[in-house]
Amino acid sequence: MEKLNNTNIIKNISQNQNEILYNIMQLYNEGKPFDCDMTASTCAFYKKTKDSKFDIPLPQYLFDVYPQADNIVKITPFEKLPLNDKQIKSIVVDLPFVISPKTAKSVVENKDGANIIQKRFSSWYPADEFYENAFWWLNECYRVLDEEGICVWKMQNTVSGGLQHMFIPYSIMAAQYAGFYVIDEFILVAKSRLISSSKYKQQQHSRKY
């Protein structure tokens, strides 16, 4: 076995999402592919990367509320996943974090440069929609995972309408309530972020990086 050092040790922080998922797969899933992605979207996590050492195999089960490919099965909020109890050993979940009406004028009119993240990943509105969905899907994940199964829950805090929404600590509490033991936390650091115009003259919260 190779001796651990600062070069090869798995760290809890990275600027590469694929590295984080790959490290979780190695550290907590015995190096095996994840069984399921409940928010598969375009399967971007599983496409070949420039650095192939972080390539992640495509899961067997692919679901999404808004499927972006023919091989992804459509699921519906507050309905069970098409899996039996304790059927799988691992699941990846990457819910949206944006709070914004889907009928907002800038979305409906598809204005260039507006609502970029919402158009790509969808959104919640009002904020309670996130809390209710997160609670439901965490319990569904717990249902379909076996006793030693792992749920990889990707989330970030967000600000909407000048209000801070702490989605991460809420997710941790909801996961523990569902029966999970929260075993670790990995942090993705962005090199740069979009800076949107604001009706507020002064910055009210730190920008999420």
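## Cysteines

A disulfide is taken here as a pair of cysteine sulfur atoms within 2.5 Å. This is a predicted model, where local features need pLDDT of at least 70 and side-chain atom pairs count only at pLDDT 80 or more, while totals for chains, interfaces and linings use all residues. Residues are numbered from 1 along each chain as its sequence is written, and side-chain values use heavy atoms, leaving out hydrogens and water.

Searching the whole structure turns up zero disulfides. For cysteine 36, the closest cysteine sulfur belongs to cysteine 141 and lies 7.6 Å away, too far for a bond. Cysteine 151 is in no disulfide either, with its nearest cysteine sulfur, again that of cysteine 141, 4.1 Å away.

Cysteine 36 is buried because its relative accessibility is 0%, whereas cysteine 151, at 22%, is partly exposed.

## Helix α5

Helices (H or I, at least four residues) and strands (E, at least two) are DSSP runs, numbered from the N terminus. Helix α5 covers residues 167–178, twelve in total. Its buried residues are Phe167, Ser171, Ala174, Ala175 and Ala178. Viewed down the axis of α5, these fall within an arc of 105° (taken from the directions from the helix axis to the C-beta atoms), so they line one face of the helix.

On the face turned away from that buried side sit the exposed residues Met173 and Tyr177. Just after α5, glycine 179 has a positive phi of about 125°.

Conventions
Buried means under 20% relative accessible area, exposed over 50%, partly exposed in between (1.4 Å probe, protein chains only). The expected span of a helix is 1.5 Å times one less than its number of residues.
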